[in-house]
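Subject: A structure for you to look at

Hi,

Here is the structure I promised you. Please open it and keep it in view while you read my notes below.

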Amino acid sequence: MKSIVCKNKLITFERYNIYTKAMQTKISEKFNTLFGCSGEFFASAGRINLIGEHTDYNGGFVFPGAIDKGIMAEIKLNGTGKVCAYSLDLDEYVEFGLNEEDAPSQSWSRYIFGVCREIIKRGGEISGFNTVFAGDVPLGSGMSSSAALESTFAFALNYLFNLGIDKFELARIGQSTEHNYCGVKCGIMDQFASVFGKKGQLMRLDCKTMEYKYYPFHPEGYRLVLLDSVVKHELASSAYNKRRESCERAAAAIREKHPEVEFLRDANREWLDEVKDSISEEDYMRAEYVIDEVARVLDVCDALERDDYETVGEKMYETHYGMSRLYEVSCEELDYLNNIARECGVTGSRVMGGGFGGCTINLVKDGLYDSFISRAKASFKERFGHEPKVYDVVISDGARKL
Ligand code: GLA
């Protein structure tokens, strides 16, 4: 525990913030009421992504970091074949067995069930447990509350049953949970960030080779802030899966001429143009965006080495344009927030995550922060009837035992 002296008062603080501490107390009280004992605490994080969107399932680069918002769970093995789980935020209790036919129907419990099943499929021997969990990642905001939930349980079960699963496999367990139990054919970025996240560090991950590098991120004179439109569009997962199919069709067409192309990441604009007439206009636009976005991540890495945040910001605007016009995963509210950022002279701004609602991520000069936030709140409210939510980004640790 650290302590500081502030206005003559000694303030002590632990590694985790006060909100999280309060959350731990609430979870612990409920756990004790439900199960009459106490268990062990685990947590994992949501994520931001500086740049590299929809590149992960195309074998490209991403640039995420874990954040100080996440999921926390208290867990104790119960010696039965049953999982007894309570979601504090939703005030819902569910029990399920560990066989395939025991799949529960509540969407949140399918994440926990999926993680258990994916561990079992990999040969992990697990049995029942009791758990109470809660979180502070806003749902549908594009900050990956589901990856936080998956990696909390993957990490915890690995620890509690002493399974010896490595961190990459823990991330893959979360990803397979999305694919096989939640209907989203996602890439690896969210689960990777949630498991590998480190305080103060972003990570560049090559989603083809799975090589990664930590980048300390302390942009002197700038701040990263998220503006949450608080809209979540229906059918986001089927639209997401369709984007992935478009990319796979485009890559397959290019592969006929260039067999080395496993993913769109291996292609370039010239090769894409060679197959322009043999793929749909829509698939062409999707692939155009992805090929450019993969290159943008590398440009941003170079710019960061030089502390050149103006270039980082420009690339963010380019990403927004591509996601809005070519990949078509933005929406009116997010385009509006992006425009306000540009009008206020914000260095960089773009829709973050899968899209179809959620947040913009903004790189703002310190001196501009207050005026940008108040203008964004006021004009967004005038146009859409509610203010966007504002989250300052704090890059934090990923999956852990508390
Ligand atoms: C979602 C998916 C990720 C990634 C992003 C877009 O968050 O879960 O795998 O594809 O969208 O970059």
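**What I found**

Let's start with a helix: α2 (residues 107–121) lies across β6, β7 and β8 and runs at about 30° to β7. Helix α3 (residues 145–160) also packs on the sheet, where it touches β3 (40–49), β5 (64–77), β8 and β15, and its direction makes about 145° with that of β3. Please keep in mind that this is a predicted model.

Now for the strands themselves. They belong to an open sheet of 6 strands with mixed pairing, in the order β7-β6-β8-β5-β3-β15. The edges are taken by β7 (92–97) and β15 (400–401); each has a single partner strand, so one side of each is left without a neighbour in the sheet. As a reminder, strands of a sheet pair through backbone hydrogen bonds, either parallel or antiparallel. Strands β6 (residues 82–87) and β8 (residues 129–135) run parallel and are joined by 5 bridges. To find this pair on your screen, look for Ser-87, which stands opposite Phe-133 in β8.

There is another open sheet, with 4 strands in the order β12-β13-β11-β14 and antiparallel pairing. Its edge strands, β12 (348–351) and β14 (389–392), each pair on one side only. On average, neighbouring strands here are turned by 20° against each other, direction ignored. Between β11 (residues 222–232) and β13 (residues 357–365), which run antiparallel, there are 8 bridges. Here you can look for Tyr-222, which stands opposite Lys-365 in β13.

This sheet has helices packed on it too. Helix α9 (residues 309–326) touches β11, β12 and β13, and its direction makes about 25° with that of β12. Helix α11 (residues 369–384) lies across β11, β13 and β14, running at about 10° to β11.

Finally, the ligand. Which residues are around the ligand? They are Arg-47, Glu-53, His-54, Asp-56, Tyr-57, Cys-186, Gly-187, Met-189, Asp-190, Tyr-240, Gly-353 and Gly-354. Sorted by class, this shell has 4 nonpolar, 4 polar and 4 charged residues.

- Glu-53: 2.7 Å
- Asp-56: 2.5 Å
- Tyr-240: 2.6 Å

On its own, the ligand has 300 Å² of accessible area, and the protein covers 91% of it.

Best wishes

Methods: Residues are numbered from 1 along each chain as its sequence is written. This is a predicted model: local features need pLDDT of at least 70, side-chain atom pairs count only at pLDDT 80 or more; totals for chains, interfaces and linings use all residues. Side-chain values use heavy atoms; hydrogens and water are left out. Two strands pair if DSSP finds at least two bridges between them. Helices (H or I, at least four residues) and strands (E, at least two) are DSSP runs, numbered from the N terminus. Contact means heavy atoms within 4.5 Å. Axes are lines fitted to C-alpha atoms, for helices over the stretch in contact, and angles run from 0 to 180 degrees between N-to-C directions. A residue is near a molecule or strand if one of its heavy atoms lies within 4 Å of it. A polar contact is a pair of N or O atoms within 3.5 Å; within protein, one must be able to donate a hydrogen and the other to accept it, and residues adjacent in sequence count only if both atoms are side-chain atoms. Accessible areas come from the Shrake-Rupley method with a 1.4 Å probe; for residues, only the protein chains shown count as cover. Ala, Val, Leu, Ile, Met, Phe, Trp, Tyr, Cys and Pro count as nonpolar, Asp, Glu, Lys and Arg as charged, and the others, Gly among them, as polar.
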